[in-house]
Amino acid sequence: MNKNKALFIGNSPYAFRIYIFCITLAGIIIYSFHVDSLFLPLDKWVMIYVLTASVLIVNHFLIYLPPKGNSISMDSSIYLASLFMFGLPTALLILGLFSFIYALYRRRVEWWKHLYNFSMYNLMITSAYYTFLETGGSIGTTGIRNILPYIVALIVYFSVNILLLCFYFIFLANQLFKGVLHFGLLKEVGMTYSITLILSLVLLVLLQTEKYFGVFLFTILIVMLSMVFRKLLYLYQEKSNQLNHDHLTGLYNHGFFKETLKEQFSDCKMLKQPLTLAFLDLDDFKKYNDRNGHLQGDRLLTFFGKLLQKAVEGTNFTAARYGGEEFAILMPNTAKEDAYAFLNGLRKQVNDTYFDGVEHIPYRCLSFSCGIAEMEKDMYESDELIHRADQALYYAKAQGKNNVQLYDKHNMCLDEIKFKQDLEALEQQVKFFLSKDVYTYRHSKRVFKYALEFGSRLGELTDHERQTLILGALIHDIGKIEVPRDILNKQGKLEKHEWEIVKKHVTWGREIIAAEKRFDDLLPLIELHHERYDGKGYPYGLKGEEIPKLARILCIIDSFDAMTTERPYQPTKTFDEALKEIERCSGTQFDAAYAAKFIAFVQEHYLPLAKMQQLD
């Protein structure tokens with residue numbers, strides 16, 4: 001466990017303890033200031049007791065919402081309705097009475113957590129009350145003129161809650177603010193509070209017309225809603241399990257796994273946490289099937305699925321049947337070295353586990369080959385992680401099967417024969433430009449040439465990265481095939497709507513190339529070569545190292561050729577002028593480190609030749 005992350009107040013960071021103390025003290029002071037007298041009429045106390053009982057009941061009957069099974073309590077509806085109907089002191093008395101009874105009931109919960117929760121609600125209720133009054137709200141009345149004050153008060157109530165919780169997690173876990181507060185959380189909590197406002201207005205009307213019986217009706221309504229939503233969640237999860245699980249092995253299926261991978265990839269990248277993916281392939285499964293029959297083969301898959309399921313029990317790993325005899329395990333918050341130790345131990349365990357008929361296959365035991373890849377910071381999407389894990393699996397099988405291999409970009413690069421085949425295939429696609437747009441064809445060929453020469457001089461690139469850069473440079477503008485001919489060949493500057501169409505070529509290009517899985521590594525270069533280092537590019541406005549390294553390099557090469565090539569709507573720059581422009585935009589449009597290397601490359605290999613041609 002990370003020593004900076006503590007679960008108990010005594011071991012928590014100093015700043016966290018100070019934060020808890022300040023919020024608790026503020027809550028107690030506010031409560032004492034507003035609840036200055038307990039001498040109230042009997043009917044008022046009866047109402048307070050009835051509403052407190054209602055809060056206790058609704059906290060027991062939580063409402064569970066699909067698809068994630070999040071639970072919400074409608075106690076805020078009661079606090080807000082009490083606030084709007086009877087005023088702040090009554091709402092705080094209900095809160096205090098409930099907190100005292102709840103603390104006695106949940107004695108195992110640390111005392112400071114009860115106090116913090118009590119104080120947090122104090123701040124939320126008080127803030128909502130004064131906002132309600134300031135926006136023209138009238139206590140004890142209902143009507144259309146109070147709608148705006150109700151909504152504004154709820155927004156303040158919601159905002160104070162989110163803010164206090166954010167600081168709680170920031171001080172407790174030292175997490176970044178963006179890791180605690182994100183759009184998905186705001187959307188879910190916003191929906192919850194919308195329901196809270198509606199139900200608080202329902203209770204407000206019932207209190208004004210039916211009083212005690214109104215509270216009774218409201219409580220019954222919440223209990224009924226809780227039961228209905230629990231049943232709904234049960235049915236949803238039952239159906240979801242059927243859709244998300246493989247019927248043969250009981251593991252998650254391919255579709256669910258891909259969706260989970262995308263979510264985990266996004267979360268781990270944002271929070272800068274490790275994420276590792278492993279692909280497992282049963283060795284010689286076809287031979288086993290041929291000898292023992294498909295029914296026995298299915299039994300073997302079921303048996304192996306249960307072994308995987310047992311292996312990941314008690315962990316946060318996700319195991320799935322990826323297809324055929326191939327399986328996958330997704331391991332969040334796990335480095336590749338730990339994943340290797342886990343899977344190599346599992347491999348040995350599987351070797352020692354007998355299954356009928358395995359003695360007739362080459363290894364004479366049940367075995368699998370495994371490839372492991374860890375997410376890297378310059379990865380753009382989860383498909384890159386899949387591709388690397390797949391390459392590692394291929395390498396494991398090539399090494400003789402029954403072994404676990406970590407992805408190593410230095411040892412698992414594409415071989416030259418495959419590179420030439422890919423190059424020929426992409427050359428054929430680029431030739432379509434010859435009939436539609438000769439400029440784009442020639443531009444692609446020149447960018448390809450620059451990438452070939454510059455990439456070979458960048459010693460930090462692996463062979464695989466160098467080949468990916470070269471192929472990406474050749475095909476980067478393939479999406480312009482979809483741009484209308486009259487826009488591509490227009491003499492003069494493009495109109496705004498025409499420019500918007502041209503910008504779509506990166507998305508169209510991605511869709512064209514994504515049709516062939518062997519070119520997955522090229523997708524970031526095609527889609528992101530117009531992103532800028534300062535975040536002002538397109539299509540996504542990625543910034544800095546959020547842009548994959550090869551896309552940053554391609555952006556420089558592409559821009560250099562665009563500046564030094566004659567075009568009808570833009571004056572042509574000399575090599576000297578283009579290099580000065582790249583230097584000027586270094587750190588804004590371009591990655592400064594690669595811009596400097598590209599400038600040095602052109603000055604050494606192209607500038608002398610260009611100057612000689614000018615003299616001629």
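User: At roughly what angle do the axes of H18 and H23 cross?

Analyst: Two packed helices are described by the angle between their axes and the distance between the axes. This is a predicted model, in which local features need pLDDT of at least 70, side-chain atom pairs count only at pLDDT 80 or more, and totals for chains, interfaces and linings use all residues. Residues are numbered from 1 along each chain as its sequence is written, and side-chain values use heavy atoms, without hydrogens and water. Here the axes of H18 and H23 cross at roughly 45° and come within 10 Å. H18 is therefore oblique to H23. (Under 35 degrees is roughly parallel, over 145 roughly antiparallel, 65 to 115 roughly perpendicular, the rest oblique.) Axes are lines fitted to C-alpha atoms, for helices over the stretch in contact, with angles from 0 to 180 degrees between N-to-C directions. Helices (H or I, at least four residues) and strands (E, at least two) are DSSP runs numbered from the N terminus.

User: Is the crossing of H18 and H23 left-handed or right-handed, and which residues make the contact?

Analyst: The H18–H23 crossing is right-handed; that is, the near helix is turned clockwise from the far one by less than a right angle, anticlockwise being left-handed. H18 brings Glu465, Thr468, Leu469, Gly472 and Ala473 to the contact, and H23 brings Lys549, Leu550, Ile553 and Leu554. Contact means heavy atoms within 4.5 Å. By class, these residues are 5 nonpolar, 2 polar and 2 charged. Ala, Val, Leu, Ile, Met, Phe, Trp, Tyr, Cys and Pro count as nonpolar, Asp, Glu, Lys and Arg as charged, and the others, Gly among them, as polar.

User: How do H23 and H25 cross?

Analyst: The axes of H23 and H25 (residues 592–605) come within 10 Å and cross at roughly 45°, so this pair is oblique. H23 passes H25 in a right-handed crossing. On the H23 side are Lys549, Arg552, Ile553, Ile556, Ile557 and Phe560, which meet Tyr594, Ala595, Phe598 and Val602 of H25. This contact has 8 nonpolar residues, no polar ones and 2 charged.

User: How many cavities does a search of the whole structure find?

Analyst: The search finds 3 cavities of 30 Å³ or more. A cavity is a set of points on a 1 Å grid over the protein atoms alone where a 1.4 Å probe fits but cannot get out, and lining residues have an atom within 4 Å of a point. H14 (382–398), H18 (463–475), H22 (523–528) and H23 (549–564) each supply at least two lining residues. That lining is 5 nonpolar, 3 polar and 7 charged.

Technical notes
On a 1 Å grid over the protein atoms alone, a cavity is a set of points where a 1.4 Å probe fits but cannot get out, and a pocket is an open set with protein on both sides within 12 Å along at least five of seven lines; lining residues have an atom within 4 Å of a point. Grid points are joined across faces, edges and corners, and a volume is the space filled by probe spheres set on the points.
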